[in-house]
Amino acid sequence: MSIPRYQEFLSRSQLFPPRLDDYVAKDNPVRAIDTFVQTLELDKLGFEHADAWSGSGQLPLDPAVLLKLYIYGYQNKVCSSRCLEKATRFNVEVMWLCQKATPTDKTIADFRKNNLEALQKVNREFVQMCRNLSLVGGTSVAVGGTLLKASTNRNTVHTKSGLDHEIDRLDSQIAAYFDELEVADDTDNEDDLSDPDLVAKMTALVVRCQQKKDLQEC
């Protein structure tokens, strides 16, 4: 029996697990993005191609996939359409999130330009959802870490006008982000957003969205 000279390694055909899902931990933030988009009614929000295919021309890309990619870029400060396109080919998280779809940078840019109003609504709801579930904090996330104080002191109680002002401020931040997208260079910042309680928070999100739908139907 010969004595090996070096440490043994796996062959390249054995390097990766057979399922892409094995690479995305249960507490990975992209799972929150995936769950969040699944709770949205994209047709009612006004997204293009959210309704049935007309039967002519090339099949459109599912707007839910492009929305997930957009939110991923928003959350991770990836402003460039070309960087997002590249991520769909080489970033395992994004490959999982987009189910291996690889839209071109033009498709990504056009999606933003053609759905500005709908994206603004989603941005606002996503930021509020992140805050409500404590998925953001500090300054590590692009959406910021502003928190509403939970104090009964009359000097800190939030009135309706105060909340309206907070929403207006949030809309201004979102509008500024859209402006930043238009002039973005190759920017690709990575933050550690892992959260061991993410699975429970996503479950709470689904329950909350279902309760909201039930109330609207009553």
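Colleague: Let's start with Val92: what does it count as in terms of relative accessibility?

Modeller: Val92 counts as partly exposed, at 32% relative accessibility. Buried here means under 20% relative accessible area, exposed over 50%, and partly exposed in between, using a 1.4 Å probe and protein chains only. Bear in mind that this is a predicted model, where local features need pLDDT of at least 70 and side-chain atom pairs count only at pLDDT 80 or more, while totals for chains, interfaces and linings use all residues. Numbering runs from 1 along each chain as its sequence is written, and side-chain values use heavy atoms, leaving out hydrogens and water.

Colleague: Zooming out, how many helices and strands does the chain have?

Modeller: Nine helices and zero strands. Both are DSSP runs numbered from the N terminus: helices are H or I with at least four residues, strands are E with at least two.

Colleague: And how much of the chain is buried?

Modeller: Buried residues are 36% of the 218 in the chain. The chain exposes about 14200 Å², with carbon and sulfur atoms supplying 51% of that. As for contacts with a separation of 6 or more, 74% are between residues 24 or more positions apart; a contact means heavy atoms within 4.5 Å.

Colleague: What does H9 look like, then?

Modeller: H9 covers residues 198–217, which is 20 residues, and reaches 29 Å from its first C-alpha to its last, close to the 28 Å expected at 1.5 Å a residue. That expected span is 1.5 Å times one less than the number of residues. Leu198, Lys201, Met202, Leu205 and Cys209 are buried in H9. Down the axis of H9, these buried residues fall within an arc of 100 degrees, so they line one face of the helix; the arc is taken from the directions from the helix axis to the C-beta atoms.

Colleague: What does that buried set pack against, and what is exposed on the other side?

Modeller: The buried residues of H9 pack against H1 (29–38) and H7 (116–132). On the other side of H9, Ala200, Leu215 and Glu217 are exposed.

Colleague: Back to Asp34. Which side chain does it meet in a salt bridge?

Modeller: Asp34 meets Lys68, at 2.6 Å from N to O. The pair links distant parts of the chain, with Lys68 in H3 and Asp34 in H1, 34 residues apart. Both Lys68 and Asp34 are buried. A salt bridge is a side-chain nitrogen of Lys or Arg within 4 Å of a carboxyl oxygen of Asp or Glu, and the structure holds seven of them.

Colleague: What about the bridge between Asp110 and Lys106?

Modeller: Their closest N and O atoms are 2.7 Å apart. Asp110 and Lys106 are four residues apart in H6 (residues 105–114), which separates them by about one helical turn. Lys106 is exposed at 55% relative accessible area, and Asp110 is partly exposed at 26%.

Colleague: Last topic: where is Gln99, and what is its phi?

Modeller: Gln99 is in the loop between H5 and H6, with a positive phi of about 55 degrees although it is not a glycine. Lys100, found in that loop too, has a positive phi of about 70 degrees. Most residues other than glycine have a negative phi.

Colleague: Which residues does Leu20 touch?

Modeller: Leaving aside residues up to four places away in sequence, Leu20 touches Val92, Met95, Trp96 and Lys100. Leu20 lies in the segment before H1, and its C-alpha is separated by 9.3 Å from that of Gln99, 79 residues apart along the chain.

Conventions: Accessible areas come from the Shrake-Rupley method with a 1.4 Å probe; for residues, only the protein chains shown count as cover.
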